[in-house]
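Let's take a walk through this protein together. Have the sequence and the 3D view open as you read.

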2 protein chains.
Amino acid sequence: MTANTPLLQQLIDALKALPGVGPKTAQRMAFQLLERNREGGRKLGTALLHAMEHIGQCQSCRTFSEQELCAICSDPSRSQSSLLCVVGSSADLQAIEQTGQFDGRYFVLMGQLSPLDGIGPAELGLDRLEQQLAKGDVEEVILATNPTMEGEATAYYIAELCHRQQISVSRLAQGVPVGGELEYLDGSTLSHAFSGRKRF
Amino acid sequence: MTANTPLLQQLIDALKALPGVGPKTAQRMAFQLLERNREGGRKLGTALLHAMEHIGQCQSCRTFSEQELCAICSDPSRSQSSLLCVVGSSADLQAIEQTGQFDGRYFVLMGQLSPLDGIGPAELGLDRLEQQLAKGDVEEVILATNPTMEGEATAYYIAELCHRQQISVSRLAQGVPVGGELEYLDGSTLSHAFSGRKRF
């Protein structure tokens, strides 16, 4: 017999929607909030409802935004940049922003090509990307999709779009990660690092 | 610069109230819900608000309950049992229920004695436990508090209460856990296992 009340069981089941949270963790989370942090639980509930309701996508770059345009796209110094970086997700955009290295604009695919899962060019908004490129103010597209099979396929597809419009395309360098040890590196990364070696 | 919108940042901050969730995990959870499971996010939000609002404590055993009495305390075959098991939390109660070994009633402390944190007998509802014991229908109290310093101190305190009312008290057996290896067992568990050895 489970001694959980219906509401508690509902909460535990709902918590399992979070990535990496199984039944045990969900139960621990529910008990922790109920025992020690009801205020935090209430805040989380409200924040979730607000976020799910009001966060949409930026009309220009497709990243998450409550406004029609996100903070980056509504910043003229960035939205008129001639550099456009294509990323797979808002989390990737975030990671690049945190390096502070890039001050151009983005286009967020919110996924990657995966025909078997029914994700084609339309789902990734590639028609909209094509329209943006057609305006002629982008000089270079930086492909920052994931270095996976799907990510590479997506990158090739977008590179084709750019070539057709004579826009130059680059791809993030592949090689040895900082702090990594050669001994434990997979062969294909190592061979990328070899073929992409630079004069010292 | 962070590219997160205010609502998104609020959601990420609120998710950090969950145990074991830091900023990175919170961000991943938020993105995952927004990208792939808004329905799940909405459900979780509603479940949290309902649970925080409506889940109280059982008037008899203090475990979480939406009703005045929890499912166990409102089951006559259990609430009139002469065995009372004292546990530290609802999660512990749950773990014992799942063994299917115990069909008596419980008393849930919702914590353990810890004078430095301001948790004394009153906070654990020990006055209420004493009243229950005074009714005279409990024949044995099983102490199932955690085998930690605080848990032991709590157990000793409750054992005193029981002795005063001439109720017999037992404590969960301590010893080698099933499937454990002696080689890696801590010394104090091993010495408990020795002193508590049984004829084979």
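Predicted model: local features only at pLDDT ≥ 70, side-chain atom pairs only at ≥ 80, totals over all residues.

Chain A and chain B touch through 55 residues of chain A and 55 residues of chain B. Together they bury about 5200 Å², and 70% of that is on carbon and sulfur atoms. On the chain A side, helices H1, H2, H3 and H5 and strand E2 each supply at least two residues. H3(A) gives the most, with 16 residues. Sorted by class, that side of chain A has 29 nonpolar, 17 polar and nine charged residues.

So what holds charges together here? Side chains of opposite charge can pair when their charged atoms come close. Between chain A and chain B, though, the count of salt bridges is zero, while eight residue pairs are in polar contact across the interface. Over all chains, the structure holds 14 salt bridges.

Take a look at H3 of chain A, where Arg42(A) and Glu39(A) sit three residues apart, about one turn of the helix. Their closest N and O atoms are 3.1 Å apart, in a salt bridge.

Other pairs reach further along the chain. Arg105(A) and Asp137(A) form a salt bridge at 3.3 Å. Arg105(A) is in strand E4 and Asp137(A) in the loop between helix H6 and strand E5, so the pair ties together parts 32 residues apart in sequence. Is Arg105(A) buried or exposed? At 9% relative accessibility, Arg105(A) counts as buried, whereas Asp137(A), at 35%, is partly exposed.

Terms used:
Residues numbered from 1 in each chain as written. Chains lettered and ligands numbered in written order. Heavy atoms only, no water. Contact = heavy atoms within 4.5 Å. Buried area = accessible area lost by both parts, 1.4 Å probe. Salt bridge = Lys/Arg side-chain N within 4 Å of Asp/Glu carboxyl O. Polar contact = N/O pair within 3.5 Å; in protein donor to acceptor, adjacent residues only side chain to side chain. Helix = DSSP H or I, 4+ residues; strand = E, 2+ residues; numbered from the N terminus. Nonpolar A, V, L, I, M, F, W, Y, C, P; charged D, E, K, R; others polar. Buried < 20%, exposed > 50% of the residue type's maximum accessible area, 1.4 Å probe, protein only.
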